[in-house]
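Hi everyone, thanks for coming. I'd like to walk you through one model today, so please have a look at the sequence and the structure as I bring them up.

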Amino acid sequence: MQLTDKNLDIALLKRCVFNGEDIDVATEVYEKIDACYNFLKAFSKDRVIYGINTGFGPMAQWRVDDKYLKDLQYNIIRSHATGAGQPLEDEYVKAAMLARIGTFLQAKSGIHRELIELLSAFVNKGIYPFIPRHGSVGASGDLVQLAHIALTLIGEGKVHYRGEWLPTTKVLAENGLKPIGIHIREGLSATNGTSVMTGIAAVNQVYAEQLLDWSVLQAVWMNEIAASYDDWMSEPLNACRRHCGQQIMAQRMREIAQGSRRLVKREHVLYDKTKNGDSVFEKKVQAYYSLRCTPQILGPIYDTYQNAHTVIDEELTSACDNPIIDPESNNVLHGGNFHGDYISLEEDKVKIATVRLMMTAERQLNYLFHDRINNILPPFLNLGVLGLNYGMQACQFTATSTTAESQTLAMPNYVHSIPNNNDNQDIVSMGTNSALLCKQVIDNAYQVMAIHTIALAQATDCLNIADELAPATRAIYNKVRKLCPKFIEDTPFYDDIARVEAFLRTFRTVE
């Protein structure tokens with residue numbers, strides 16, 4: 001997979017992170033990178049340029065003697081490798097390295113090409129630097145977490161390789177690799193920018209969009225179980241609400257529902273004058289909101305995810321360090337492209353939207369478990385002896401508590417700026433914290449969705465309607481039943497939940 005300065009996006013990142021495709025950089029991009037490096041090398045002589053011959057942050061008022069310039073670059077890496085907490089998982093680290101490569105490919109950093117070459121080798125060979133979760137305030141980007149990546153690029157620290165934590169020096173030697181050299185500003189460039197929050201956000205986006213796919217399918221499956229009237233997803237009804245997301249969600253639901261023998265035509269029952277003489281209707285005239293309003297609920301979630309997708313794609317091909325080296329204008333420009341507000345705000349919105357998705361699943365789950373609401377299913381989908389057996393009763397505790405935790409996590413993090421760094425960083429994005437909180441909510445949502453999926457399959461068996469489902473929902477029912485068979489006697493569910501969660505994470509419902 002060849003990378004240029006314009007083509008790195010979530011789709012390509014997904015191919016590399018999830019499918020294991022190798023990357024290489026186009027020759028013409030390396031030529032631009034070399035030209036930028038050579039420009040900075042000439043331009044920086046006898047000029048004061050931040051982070052090349054000055055200190056960093058509030059220490060920029062001190063000029064650094066020429067004999068210490070290489071030490072300066074090593075010092076920012078070593079001094080900022082101060083993260084704490086559990087390490088990021090490999091897929092998020094790999095995505096962060098790809099995001100950093102995306103910044104360098106813009107040829108605005110003035111770095112030597114060997115920095116990109118070594119990062120690319122790490123990506124291709126499955127070498128994952130130790131990156132603790134805690135440390136970034138999101139401006140000057142992810143200084144602390146990026147410093148942990150940079151520490152391994154200079155041959156120090158530790159990496160995760162083939163399932164083990166090993167000294168970087170050992171893994172470099174085993175793979176015939178050498179640490180990068182310090183030429184002009186490699187230390188600052190490697191540590192300054194939004195690449196960790198962007199990498200986490202990109203992986204979050206893949207998982208969030210897949211959650212939405214599942215929610216659309218489960219909306220149809222739920223209504224099949226309830227034998228709902230099908231006009232809730234009809235084209236005329238949803239087309240007169242002008243929002244794009246609602247219309248797309250309804251269209252997808254109609255496609256999934258093709259071939260179902262469970263959904264009812266209102267005109268065949270309530271609009272048939274020969275059949276509507278009852279004064280009290282046994283079947284609900286309109287389904288509960290968590291079933292009937294799914295296009296209206298999932299529509300804004302779709303729109304939110306789409307906007308986040310666009311922002312993340314744009315960030316992956318942005319120069320997000322400082323200063324910006326611009327040979328075209330013959331200048332070195334100082335500013336704040338490292339500021340993570342774009343990612344921070346979008347991750348908060350994705351987080352909130354995902355909590356709403358999870359709340360909808362939890363309410364649908366309650367419908368399945370509550371016999372006095374659905375009037376067609378045994379309590380808690382219990383096919384055993386009532387009172388002696390308990391069905392999925394306790395599964396609801398897990399789903400409800402996990403949803404409640406996520407509702408607390410839904411509080412926006414973007415608004416929590418705390419000045420620091422001698423007030424040099426007087427307003428910060430907290431973008432990495434936002435992305436990590438969003439990740440936690442997405443993880444929670446998969447757990448709730450796994451319980452919901454098991455319940456849908458069990459409800460299908462309670463009613464013995466598998467053969468009446470739409471081909472799309474029947475196919476998922478078949479896959480789930482291979483992982484979690486129909487149950488009558490009480491059984492522990494934790495392994496079933498874990499297996500179904502893994503299935504939901506890896507199986508694409510809509511390509």
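Let me start with a term: I'll say that residues are in contact, or touch, when they have heavy atoms within 4.5 Å. Now the ground rules. This is a predicted model, in which local features need pLDDT of at least 70 and side-chain atom pairs count only at pLDDT 80 or more, while totals for chains, interfaces and linings use all residues. Residues are numbered from 1 along each chain as its sequence is written, and side-chain values use heavy atoms, with hydrogens and water left out.

With that, which residues does T473 touch? Leaving aside residues up to four places away in sequence, they are L217, V220, W221, E224 and I256. T473 sits in helix α19, residues 471-483; helices here are DSSP runs of H or I with at least four residues, strands are runs of E with at least two, and both are numbered from the N terminus. T473 has a relative accessible area of 0%, so it is buried. For that word, buried is under 20% relative accessible area, exposed is over 50%, and partly exposed is in between, using a 1.4 Å probe and protein chains only.

Now let's zoom out. There is a domain 1 (2-192) and a domain 2 (206-327 + 342-506), with bounds that come from an automatic or database domain assignment. Over C-alpha atoms, the centres of domain 1 and domain 2 are 38 Å apart. Domain 1 brings 43 residues to the contact and domain 2 brings 30.

A cavity is a set of points, on a 1 Å grid over the protein atoms alone, where a 1.4 Å probe fits but cannot get out; its lining residues have an atom within 4 Å of a point. Grid points are joined across faces, edges and corners, and the volume is the space filled by probe spheres set on the points. How many cavities of 30 Å³ or more are there? The count is two.

The largest cavity holds about 50 Å³. Two or more of its lining residues come from each of α9 (195-225), α14 (294-316) and α15 (341-369), and α15 gives the most, with four. Among the lining residues are S215, T294, Q364 and M449.

The second largest cavity has about 30 Å³. Here α4 (90-104), α5 (113-125) and α6 (143-153) each supply at least two lining residues, with α6 giving the most, four. R100, F104 and A190 are among the residues that line this second cavity.

While we're at α4, 13 of its 15 residues are buried, so this helix is largely enclosed by the rest of the structure.

Finally, some backbone geometry to look at. Most residues other than glycine have a negative phi, and most peptide bonds are trans. The bond joining A139 and S140 is cis, with omega about 10°, and S140 is in the loop between β5 (132-134) and α6. N322 to P323 is also a cis peptide bond, omega near -5°; P323 lies in the loop between α14 and β8 (324-326).

Then there's phi. N375 is not a glycine, yet its phi is positive, about 60°, and this residue counts as exposed at 62% relative accessibility. M430, not a glycine either, has a positive phi of about 55°, but M430 counts as buried, at 9%.

Thanks, and I'm happy to go back to any of these spots.

How values were computed
1 Å grid on protein atoms, 1.4 Å probe; cavity = no way out; pocket = protein on both sides within 12 Å on 5 of 7 lines; lining within 4 Å.
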